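Subject: Structure for you to look at

Dear colleague,

I am passing on the structure we spoke about, and below it you will find my notes on what turned up. Please read them with the structure open beside you.

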Amino acid sequence: MSTWTSRANQYSQLSALALGRFSLLTLTFTITSTTSNSSCSIVIRQFYASQDAAYQKTAQEYLHNLQKEPFAWDLAPHLLSSQSENSKFFGAHTYQVKLTRDWKTIPEDRIEWMRGELISWIVRYSSGPAFIRTKLCLALSAYAVRAVPQYWTDFVSSFYQEMLSRVNQNVDGVSMSQQAMELAVLEFFTIIAEELGRAEIEPMKRAQLSNEVTNGTPFIMSFVREILLGGNATSKTKALVCFKSWVQYGITFDVIQPILGLVLNSLLDDETFDAAADVWSEIMSSTAAAKHQDTICEGLMPCFTSEWARAKHLESIQAENEDISKSLCQLLSTFGDNFSDWIAARFLRPDIVVYLEMMMGFAGFPGYYAEDETISDLTLNFWYMLQESLSELQADVSADSHTQGMGQEGLDEDQQVILSTISSASNITGLDTQSLQAIKKASVHVYIRLTDVLRKKLEYPTHKVWMSWTRDIRQEFSGHRQEIADTLINSYHVLHDQILSQLIDTSIMQLDEIQKSTLSGADLAENLQLEIELVRLESTLYCLKALSEVVPHTESIQMPRFFSDQVFGRLPTVISCRARETALSLVGSYADWFKVHPQFLLPALNFVIPALEVPQLAPYAAKALKNICDTCRESLVEAIDAFMTVFANVEKAIDPAIKGSVVFSIATVIQTLPVERSIGPLVGLLGDIFTRSNECLEARKQRLSSGHGEISVTQHQGSSGETELEPLSAMMLQQLEFLLSCCRGLQSPLEEDIRTTDERIQVYQRTVEERAAILASGGIAIELARSMEQVIQGVVMVWPHELEIIERVCQIVKTMMTVSQFSALYLPFPTLIRVVETGFQRHAFPCWLDAAAKIVSVYYFETTGGSLASKLGTSSVPSSTSGGLGSSPVLVVDVDNLASSATRHARGRTPAELENEAVFAHLLSTLTTRTLDGMQTMTDMEEHPDVVHSYFAVLSQFVRHAPLAFYSIPQEQTDSLMNFAIAGLALQERLALKATLLFLIEFVHQNYDYPEMKQRVDGLMTRIGLQMMRGILLGVGGHVPRSMVPQLNDCLYPLIGKYTQECRAWMQTLLVEPGFPSKHADHASKEKFIKGVMQTRSPKRFKDEVHQFSNKCRQLDGSVFGSAI
Amino acid sequence: MSQYYEHYRKSSIGLALIDSLDELIQSGHINPQLAMRVLAQFDMSIAEAFGSSRVRNRVNFKAHLDNYRSLDDVWTFVLSNPTFRFEHDSVTAEKVKIVACKARVPGET
């Protein structure tokens, strides 16, 4: 070690020993290894004693740095010899670190000496402290991983022999006892198995180690066996832990099999139970378990059903002792989870019955989950697995024929072959039909009991107890209820309507009890019994709610019982309690069932609507109403008038927070009415909302005209200290939310069902005609439309700069965009475009652009005369320039007035359609002017990525849906927006960058056979092609994040496909420049890239070329990281 | 040799990490080998984060199962018109593909 010591003399580090306390200051000085040994001990002592986190962090860094130094090899034995246990531990850790990191610095002639050194230290600390012994074994295992087999052959038995030879020998005044030796050997054997499974070892080395381990495992198993036979409890526990680590490592079943009997015996001993249970859990979860199912199951069942285990189970439940229960329950549950098929096939066996009883006991473990116990949820997965296994049970035909001597006589040979194949393919064989029926019958009893057990576990505590729980506990308890709900769904698959019957009967009994308790008063605070009864009822209702997912909508025996006066009619309607909340949720969850049983709708609504007025219940009632109205809208149409009357009565009392949901619900029912019939209910629904909206608008106008300036304050500091909307703006926002809810409710669920292009136009024209007819009749329909328009336009005028409000307006505008239906409330598309243009010009919020994108995708096709073919003529002129720009170098591009050009070729386009075409072009022009005005520099683009993103999303929509409009805007504007897109390739912000790339991909993919269009596209490419290529190559070369290279690839591939010659020239021009696109790309790689991408048309090869070049430019070529995605 | 699934690398957080590591490599702060180690750690940590009981969120969904397949312990389910129900919210989609892999014990080969 002297070599390493001498090297340490020049060691410099950032520390100082000052005034008796070792302060880690930023002073630099040179110390020797001797100094570092003493200072290290001081730092370790102070590190463990200090409460100062900053000091601890600095000390830790110092110690870690120390371990990197060569002289740390000497530091380790020095520290291990010290008096402080912390220093000893750090010494052992230093050995481990040095062996792992600096193995190659050990001179070859010192390698074997090092092993002896480590073993000596293990001997010295074999009696403890345990954490130092463990650390030393970790160091020895780090040594073994590197030294075996070259420097340490037959390491398992050699280590044991070495240890054995030192038993009772005195080393430095310490003598190792036989038991200490056993513990140390077991420790090493445990750790080596864990480390071999974990350590990153190169494949060749791993193979060598595996070979050594395979040779050594019989020895280890025999050692474990010896300890299990004759050791004391401590050694046995350690032996079991060691055994478990080898099972985990994956040694073969035949190696462990001889010891299984001893491990079973260990289960029946209090002191070794936990360790043995862990071993069995590991064995059962191993992949080999399935092959040895019978051995494991038949071995374990007698243990599970032994007097000892039953007594243990009973004791743990009676004493509510979670410590005893957890290991036992974990063991039984792991068994159940892994062998549910085996259990299902032997369902009637007495020992299985005992096992199921025990599981049932754990499922209903006393106390509230999370607060009192965490045992009961361990069993839930088993009940699910068991149900699956039970449902897969099939009678074995051969068993039937064998027992009955009948059954297959009528079958021909082929049928018998098929039957025997099915039979042999079945997981569980050997059951005759009778046994199967008996099992099914028994399983019903089990699951009926389970339902009752789980229902009880669902019960909430009383309000007072609940309030005393912490938030985490409450959340865990609620999560557990959800888990139980899922388990009940599995129970339904076993019990079917029996579970409904059971729960309904229970609820009837509980209602009787509630009735009795109510006699003592309905105040829950003073009537504990009533509260308890309501809690019980709640749990039953929760179970029924959970089952709504699986109860068939056509179920007509049990659920009608529930929704009759036997149960539903008796549910509490006066007291505000959880039972009512759950009952409301239950009603909502059965909306699909009500659709098939509309006769129960009215009582359900009579239960729900009054609850809207009760603050505690209102959210549940609103949700239930929403589900029912949405699902059963057709059934409720006839009751719309009554509905509106009820709404008018409760409207004032409804909390604004849920009024939107109620408005939505009613609007869904109105949606099913014919338009002329819908106007009256709509006025009833929105009258108050329009009135309040107009009041807000008037107040705002007055405020603005009173000299506050246009950008009048819309936000203020709230009571919580956060910025929020001032009251008038908040009130306006609220009214807009109600209008939005109404518009959403009026959307037909069939909106998506538009099919062919012809149909789309027909449907739209029919809608326009319908609108015209309705509005022509005048009256209240016009008033309704006008009111809506006034509110929308009014808000845009007086709140143009308030994002929250404008976002809501945009949502309303987007909701109105529909071509297949008409509502008097919806505004026609020219009005919508006007609103968007005005709003965006006043303040460039991205939501306006999103609304514009939707307008283009929804209306352009229908309003401008359909497809491009119908506008420009179906007989396209074969293009003379189809070979690319190169074959037609001089293009006369007429972009002065594309609309007139389109007119020449239009087939029967109406003046209105041509006018609409111009409207769309105007929209694009307006959006482009306003966006580019606000984006003068790259900094502007980086500061407003949301606007950039939305702008390119609109452009993509124009290129895809409205190319004529796209090329109708002035040429300088088109050039500007394309240059803007190319500039966008330099953005680092993903949101904006991705939208830019998607637009360019959309643009490059344009492919028109119409000369007018082609001329315009090619003309544009002539002007911007070189710059676009420059942007793409810069992106590939590293200016764009690597995760975006696929998008660049998607842009480059079609570009080269369409403009091959031009692209070659552009690339050659650009790539000849030194350092372009990256200083890491040399001439050869550029040449290879050009050749690669120009010569292949295989998308995969093209992608590979781009990927390789990109990696080269990013200095990632040849690295694994370069291929990480 | 990574013992963990690499499919989370293509998630938003994975791509962001790779882009950040790229930047560090290009600026000379780290080398690709270290970046690879960080990525391997990411594979492990994200598997542990999702695999352990730290994720308590629940979601139920209903959908029409268009088709499903299994290959090398990887199950693929193609669902149409699914409705995902969260605790307080629900989300619908036209189509969803679920790729399910065996949840390995961290470190298991």
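Lys516(A) counts as exposed, because its relative accessibility is 52%, and its salt-bridge partner Glu513(A), with the closest N and O atoms 3.2 Å apart, counts as partly exposed at 31%. Both residues sit in helix H25 (residues 497-518) of chain A, three residues apart, which is about one turn of the helix. Please keep in mind throughout that this is a predicted model.

A second salt bridge in chain A brings together the side chains of Glu1105(A) and Lys1088(A), at 3.5 Å from N to O. This pair links distant parts of the chain, since Glu1105(A) belongs to helix H54 (residues 1099-1113) of chain A and Lys1088(A) to helix H53 of chain A, 17 residues apart. Glu1105(A) is buried, with a relative accessible area of 17%, whereas Lys1088(A) is partly exposed at 45%.

In chain B, Asp43(B) forms a salt bridge with Arg9(B), and here the closest N and O atoms are 2.6 Å apart. Asp43(B) lies in helix H2 (residues 32-51) of chain B and Arg9(B) in the segment before helix H1 (12-26) of chain B, so the pair ties together parts that are 34 residues apart in sequence. Asp43(B) counts as buried, with 0% relative accessibility, and Arg9(B) likewise counts as buried, with 3%. Elsewhere, salt bridges that share partners join Glu651(A), Lys652(A), Lys659(A), Asp688(A) and Arg692(A) into one network. Over all chains, the count comes to 40 salt bridges.

Next comes the place where the two chains meet. The contact takes 19 residues from chain A and 19 residues from chain B, and the two chains bury about 2000 Å² between them, 50% of it on carbon and sulfur atoms. On the side of chain A, Glu549(A), Phe1121(A) and Ile1125(A) lose the most area to chain B, and together they account for 30% of what that side buries. The rule finds three salt bridges across this interface, one of them between the side chains of Arg990(A) and Asp19(B), at 3.2 Å from N to O. Five residue pairs are in polar contact between chain A and chain B, counting pairs with both residues at pLDDT 80 or more. Helix H24 (residues 471-495) of chain A gives the most to the side of chain A that touches chain B, with three residues. The residues on that side of chain A divide into six nonpolar, seven polar and six charged.

As for chain B as a whole, it has two helices and four strands, which follow the pattern α-α-β-β-β-β when read along the sequence. Chain B has 109 residues, of which 25% count as buried, and it exposes about 7700 Å², with carbon and sulfur atoms supplying 55% of that area. Among its contacts between residues at least 6 apart in sequence, 38% join residues at least 24 apart.

Some details of the backbone also deserve a look. Most residues other than glycine have a negative phi, and most peptide bonds are trans. The peptide bond from Val148(A) to Pro149(A), however, is cis, with omega near 0°, and Pro149(A) lies in the loop between helix H7 (130-147) and helix H8 (155-165) of chain A. Another cis peptide bond joins Phe1076(A) and Pro1077(A), with omega about 0°, and Pro1077(A) lies in the loop between helix H52 (1060-1071) and helix H53 (1083-1095) of chain A. Asn168(A), although not a glycine, has a positive phi of about 65°; this residue is found in the loop between H8 and strand S3 (170-171) of chain A and counts as exposed at 58% relative accessibility. Asp73(B) also has a positive phi, near 70°, and is found in the loop between strand S1 (60-71) and strand S2 (74-85) of chain B.

Finally, Ser748(A) lies in the loop between helix H36 (727-745) and helix H37 (757-776) of chain A, and it counts as buried because its relative accessibility is 16%. Leaving aside its neighbours within four places in sequence, Ser748(A) is in contact with Gln671(A) and Gln821(A).

With best wishes

How values were computed: Residues are numbered from 1 along each chain as its sequence is written. Chains are lettered from A and ligands numbered from 1 in the order in which they are written. Side-chain values use heavy atoms; hydrogens and water are left out. Contact means heavy atoms within 4.5 Å. Buried area is the accessible area (1.4 Å probe) that two parts lose on being put together, summed over both. A salt bridge is a side-chain nitrogen of Lys or Arg within 4 Å of a carboxyl oxygen of Asp or Glu. A polar contact is a pair of N or O atoms within 3.5 Å; within protein, one must be able to donate a hydrogen and the other to accept it, and residues adjacent in sequence count only if both atoms are side-chain atoms. Ala, Val, Leu, Ile, Met, Phe, Trp, Tyr, Cys and Pro count as nonpolar, Asp, Glu, Lys and Arg as charged, and the others, Gly among them, as polar. Buried means under 20% relative accessible area, exposed over 50%, partly exposed in between (1.4 Å probe, protein chains only). Accessible areas come from the Shrake-Rupley method with a 1.4 Å probe; for residues, only the protein chains shown count as cover.
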